[in-house]
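Student: Could we go through the cavities and a helix pair together, with the definitions at hand?
Tutor: Gladly, let's look at the model first.

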Amino acid sequence: MATGGGEGSTARRDLLLSLQSAAQSKWEAAKAFDIDAPAQGSGTPAEKFFGTFPYPYMNGVLHLGHAFSLSKLEFASAYHRLCGKNVLFAQGFHCTGMPIKACADKLAREIATYGNPPKFPTEEEAAEEAPQDDANNGPVDPTKFVAKKSKAAAKKGVGNTQWDILKMSGIPESEIAQFADSGHWLRYFPPLAMRDLKAMGCGIDWRRSFITTDVNPYYDSFVRWQFEVLHKQGKIVKDKRYAVYSPLDGQPCADHDRATGEGVGPQEYTLIKMRVLELKGKLAGLEGQGPVFLMAATLRPETMYGQTNCWALPDGDYAAFRGLNGEVYIMTDRSALNLSYQDRMPVTGKPEKLMDLKGTDLLGLPVKSPRTHHERIYVLPLLTILTNKGTGIVTSVPSDAPDDYAALMDLVNKPKLREKYGILDEWVLPYKVIPIIDIPGFGTAAAEKVCLDMKIQSQNDTKKLAEAKQLVYLKGFTDGVLIVGEYAGKKVNEVKTVIKNEMIAAGDAILYSEPEKPVMSRSGDECVVALTDQWYVTYGEQDWREATEACLKRMELYDDNTRHQFEHTLGWLNQWACSRSFGLGTRLPWDPVYLVESLSDSTIYMAYYAVAHVLQHGDMYGEAKDPTITAEHLTSEVWDYIYLGGDLPTNTPIPAELLQKMRREFEYWYPFDLRVSGKDLIQNHLTFCLYNHTAIWAQQQQYWPLAFRCNGHLLLNAEKMSKSTGNFKTLQQAIAEYGADAMRIALADAGDTMDDANFEHTTANGAILRLTKELAWIEETLAAADSLRDEAPTSFIDRVFDNEMNIAVARTKAAYDRMLFREALKTGMYDLQTARDVYRFACGAEGGNRRLLLRYIEVATLLLAPICPHTCEHIWSNLLKKEGFIINAGWPTAQAPDYVLQQAANYLDDTIVGLRKGIAKAEQPAKPRKGEAPPPPRKVAGVQVYVADRFGGWHAKVLSCLAGMFDAASSSFPADAMQQVLATLSSDPELASMNQKALKQTVMPFAKFRIDMAAKGGAAVLRDRLPFDEVALLQENSAFITRALGIGSLTVHAISYEQQQTAENPQIAGATPGSPATLFDFE
């Protein structure tokens, strides 16, 4: 439990919770966040801010990861609302797709198998139930619960059952069985999400909230209209395409349907058909079954001219399967299952296994492989084959594949290795490297050269081999030239596809695809790649992509890395399967057997927020009974009128004034000004969002998105959030533990970049203490306000504090404008509170200026309000007695910052620090000589300060040189500024005796310091005099300085540069502006 105070005390936290409750009750009663578009002509786009956040998926409660990304929008919305804009922040909830359905079905199977409440097997029983994987089993019956754990996995326990997951989410066991109905999830979790976002203090117009799927008839109609528009434009087509596919679900498995493997797509291989010439050993059992082929997966079919052998994993598991046209294929079970879903086997999804084989059964088999000039080559052992990629059968081209060369040399040079696996000499020794490709810098035997150059000793040098492969493969593809075959003289990248297609046409090869990496569906099965007859959105089509690239180019993305990721995604994204046959969602209007998948019904829904409150009357399910507008009334003509500027429908029962209101809402709020999201959605949802906007509003580019703000993932106390490790917090738990405002401070402090951010318990807990101590100080200050001096802020310390507030206002505004909330927290809270504390100390016994302290309370409260609205609402309304709500009170007014005054204040602080160190050193007694008594301690009574009036000599020349190069518009210098300074000073008589190294050591520190200062303070810091009167400053603040140092007097002497040249004291002679000389007077 967070305390923010003494051990075990929650009083401070409880105070913040009470302020939170009071503020939220006030906002709720006043409907402070409900907002409608102003009437036509009374508002301009510049007066509004419309921000959106991807609707969270409703298969559980919200957690801190959701809150972190959403907080970026919440802080931005609160800032723009504070500045006086009309702000719309609406939030819906996503229920489309497989996750909810899969979880509900999984729970139903558990209850059917183990009872209600279920009595799950023990770990030992679960291990005994684990079946052997069998590719011939085909897809699992989804109505039956089957334990899938290996013995090792079973030892981890059975805590990942759906029943236990729901139980860990805080759902009473008596209610869990209701979640076997997918509809119950839709009713249970969205209200909890709304509860938690309200408790967080989010300024959301809840009238506009909705859930997805056909449960909500209004949103369902909106999605059907969207897809009808895309279909009419020819941007949705039906075709057979390769897609990552869940055998258990019987349909493609899109990113949101996956438990692991988001972003993974199909990887295409060419399967080289290597005909077995002699069926020996166990393979003799295949006699009469038809021609037998080893199916070798390769990404480089153009290199088949260089084959010297074939590889198999000696202890690998293989099998023979029935292929097409009476053929037999030898490959792994996993690859055979993939191939069976690609129209390459007699029965889809059910590869017919003829016999199991081990890799040792294949060693020594003679095969005939296409394109090699050898009549026969042999299967040899390769120990580094991974059977979870490809088919487990690998072609060997030692001229161009470093792995092949190293493994072949192992067999050539190690007779005992050949003996171990029963490999005869004639299967290996006659086969030499066959040069096939000439690669600049590598020659015609690139693999041999790179292995020798890198001193690769064997196939076990896996790290070096991986580096070698990178070197050879990329260079071979981009610059390599074939030197054999009918395409000799042609570049590899020109003929690669041609050679592949010729081999396929000749029956020597077939295409094969599998997931690039393992993908697990939310239903619990490993996905394959299937050739599916599906509806596809034609992302990647040239004209459409160019329009989307144009949209991206004009958008604000806040981070160059974000832009690069979008550009990369637009470069590879192609047709996307947008339909499913199973799950929750909206039916395709022209082919209702299919559902729209979850990433496709969530691309322009931001536009639906504009009208949701008119259609649904504040009911997120769209169940409010209002005969004025029913879902059936929402024809294509109605939607076209609202969103596309079509003609006012005449054949609709919807009143014209309501139609006009909805159109006005859309035209006022759109385009959205900002969409905030985690960076993982760049590769799908966010790019889809761009594509769909540029298609739906192709002729109305004014509605294209204006800005995306992407962030990294959230760590919790520097570790990945995980329920299994216990390092996890729901949003409800965090608010209960810290209060919303302290939690929001920790979220703002967690980070603003694309890197992963970190929510620290110590930061949130410390925020409790900071906020409550600030409240106590404000109350004390206001209570004593009448006793404070009340005058215009004319003294130096008053003017400095006033200026620090002006600086805080300017810098915090700049940070909010750039969505740098950690910086806004630093400048608007931490730095400003530090300035207040310095001011209080500087004022001493006479106390602070009443006007300044009251201004501080108001400014500090307003600057922090977007991040800590509840505490700030209390200060604004209850302590400062201001009218209205702080959430829309207006950005604080301030004079332009005076950075010269700030420089003077920093100088004063630095001078005091320097004097304090000097005094401590001066008072330190000298070490006595041996046999002598220690000298009596000395006490500094006063300080003599000698202030130089200007820089002279080489210092002045450096400043003059820098001033001539300084670009005031950009506050920057040329890249070679230091070199120019050194060149100028090399001819200076004062420095003529120095060599170049000594010159650099003398000049560069001073020059670099001034360059850095100019970037902040402008051209003024490049003059030969300080921009402020150093003598007057020290004299005006002598009382403060003496009090701070505990000395009796401070005497300030002004000394000219000319006087310094004849000064006998080296300290006085060495003084420069900003670095005075100090001499001490002792008692």
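Student: Which residues lie nearest the centre of the largest cavity, and how many residues line it?
Tutor: Glu 774, Gln 833, Ala 860, Leu 864 and Ile 875 lie nearest the centre, out of 16 lining residues. This is a predicted model, where totals for linings use all residues while local features need pLDDT of at least 70 and side-chain atom pairs pLDDT 80 or more. Residues are numbered from 1 along each chain, and hydrogens and water are left out.

Student: What makes a space a cavity?
Tutor: On a 1 Å grid over the protein atoms alone, a 1.4 Å probe fits at its points but cannot get out; lining residues have an atom within 4 Å of a point.

Student: Why are α14 and α15 called oblique to each other?
Tutor: Helix α14 (residues 446-453) and helix α15 (residues 462-479) pack at about 135°, with axes 10 Å apart. Angles under 35 degrees count as roughly parallel, over 145 as roughly antiparallel, 65 to 115 as roughly perpendicular and the rest as oblique, so α14 and α15 are oblique.

Student: Which residues of α14 make the contact?
Tutor: Ala 446, Val 450 and Cys 451 do, where contact means heavy atoms within 4.5 Å. On the α15 side are Leu 465, Ala 468, Leu 471 and Val 472.

Note on methods:
Axes fitted to C-alpha atoms, helices over the stretch in contact; angles between N-to-C directions. Helix = DSSP H or I, 4+ residues; strand = E, 2+ residues; numbered from the N terminus. 1 Å grid on protein atoms, 1.4 Å probe; cavity = no way out; pocket = protein on both sides within 12 Å on 5 of 7 lines; lining within 4 Å.
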